[in-house]
Amino acid sequence: MTRTNTTDEFFIDAPPHRVYEALTDGKRIAEWWPGVRARGDTDRIAIRAPGFRRRASSVSFEARLDGHRPGEGVTWWLDRGELSGRAEWWFEAFKAGTIVHYYLDVERGKRGRARRISSAVRRHRWAVRRGLNALKDRLEGRG
């Protein structure tokens, strides 16, 4: 199997513990992530986020949450969906806010369609960025 990894960084003008709470509460993710259908708790989440184009297929995955480090980070083990592997979040306090680091290390999942892994990763990253930008707006009082 072909593995790939990538990273993203975001700045949110809110303390790390607030970012951590939002990313680990599966029951509340749909409150801030636009168009997402989410369910879960602090141990497991299921996400279905809209595609990045009007006719693009949605991004769906289930993840087991592990490695909880309150205010510091969490690992999402992607075990159902188009991608399989780990998505690691860690938070770096910076001035009055948080630099959010997102590391994705995956291969095509068992439910992965015949499309290339690069396409699945690009769609996944787009969905995560859209969610994080909405969380940023909410935590900064703009959403």
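Buried here means under 20% relative accessible area, exposed means over 50%, and partly exposed is in between, with a 1.4 Å probe and protein chains only. By that rule Asp66, at 35% relative accessibility, counts as partly exposed. This is a predicted model, in which local features need pLDDT of at least 70 and side-chain atom pairs count only at pLDDT 80 or more, while totals for chains, interfaces and linings use all residues. Residues are numbered from 1 along each chain as its sequence is written, and side-chain values use heavy atoms, with hydrogens and water left out.

I'll stay with Asp66 for a moment. Asp66 forms a salt bridge with Arg64, and the closest N and O atoms are 3.6 Å apart. A salt bridge is a side-chain nitrogen of Lys or Arg within 4 Å of a carboxyl oxygen of Asp or Glu. Arg64 is also partly exposed, with a relative accessible area of 37%. The structure holds 15 salt bridges.

Which strands does the pair of Arg39 and Glu62 tie together? Strands, like helices, are DSSP runs numbered from the N terminus: helices are H or I with at least four residues, strands are E with at least two. The side chains of Arg39 and Glu62 meet in a salt bridge of 3.7 Å, N to O. Arg39 lies in strand β2 (residues 37–40) and Glu62 in strand β4 (residues 59–69), so the pair ties together parts that are 23 residues apart in sequence.

Next, Asp79 and Arg44. Their salt bridge has its closest N and O atoms 2.8 Å apart. Asp79 is in strand β5 (residues 73–81) and Arg44 is in strand β3 (residues 44–49), so this pair ties together parts that are 35 residues apart in sequence. Asp79 is partly exposed, with a relative accessible area of 38%, and Arg44 is partly exposed too, with a relative accessible area of 27%. There is also a network of salt bridges that links Arg3, Arg86, Glu88, Asp105 and Glu107.

Now the strands themselves. Two strands pair if DSSP finds at least two bridges between them. β4 and β5 run antiparallel and are joined by seven bridges. Arg69 has Gly73 in β5 as its bridge partner. The two strands form a hairpin with three residues between them, and Gly71 in the turn has a positive phi of about 75°. β5 and β6 also run antiparallel, joined by six bridges. Here the hairpin has one residue between the strands. Trp77 stands opposite Arg86 in β6.

On to the aromatic residues. Rings of Phe, Tyr and Trp (its six-membered ring) pair if their centres lie within 6.5 Å; planes under 30 degrees apart count as stacked, over 60 as edge-to-face and the rest as tilted. The structure holds five aromatic pairs. One of them is Trp32 with Trp33, which is stacked: 5.8 Å centre to centre, with 15° between the planes. Trp32 counts as buried at 8% relative accessibility, and Trp33 is buried with a relative accessible area of 4%. Another pair, Trp89 with Tyr102, is tilted, at 4.3 Å centre to centre and 45° between the planes. That pair links distant parts of the chain, with Trp89 in strand β6 (residues 83–94) and Tyr102 in strand β7 (residues 97–108), 13 residues apart. Both Trp89 and Tyr102 are buried. Together with Phe61 and Trp76, they form one aromatic cluster.

Which residues touch the most other members of the largest nonpolar core? A nonpolar core is a set of buried Ala, Val, Leu, Ile, Met, Phe, Trp, Tyr and Cys residues joined through side-chain atoms within 4.5 Å. The largest has 37 residues, and Trp33, Trp76, Trp89 and Leu132 touch the most other members. Helix α3 gives the most to this core, with eight residues. Leaving out residues up to four places away in sequence, Leu132 touches Phe10, Ile12, Leu23, Trp32, Trp89 and Val100, where contact means heavy atoms within 4.5 Å.

Last, helix α3 itself. The expected span of a helix is 1.5 Å times one less than its number of residues. For the 23 residues of α3 (residues 117–139) that should be 33 Å, and the end C-alpha atoms are 32 Å apart, which agrees. α3 is followed by Gly141, whose phi is positive, near 80°.
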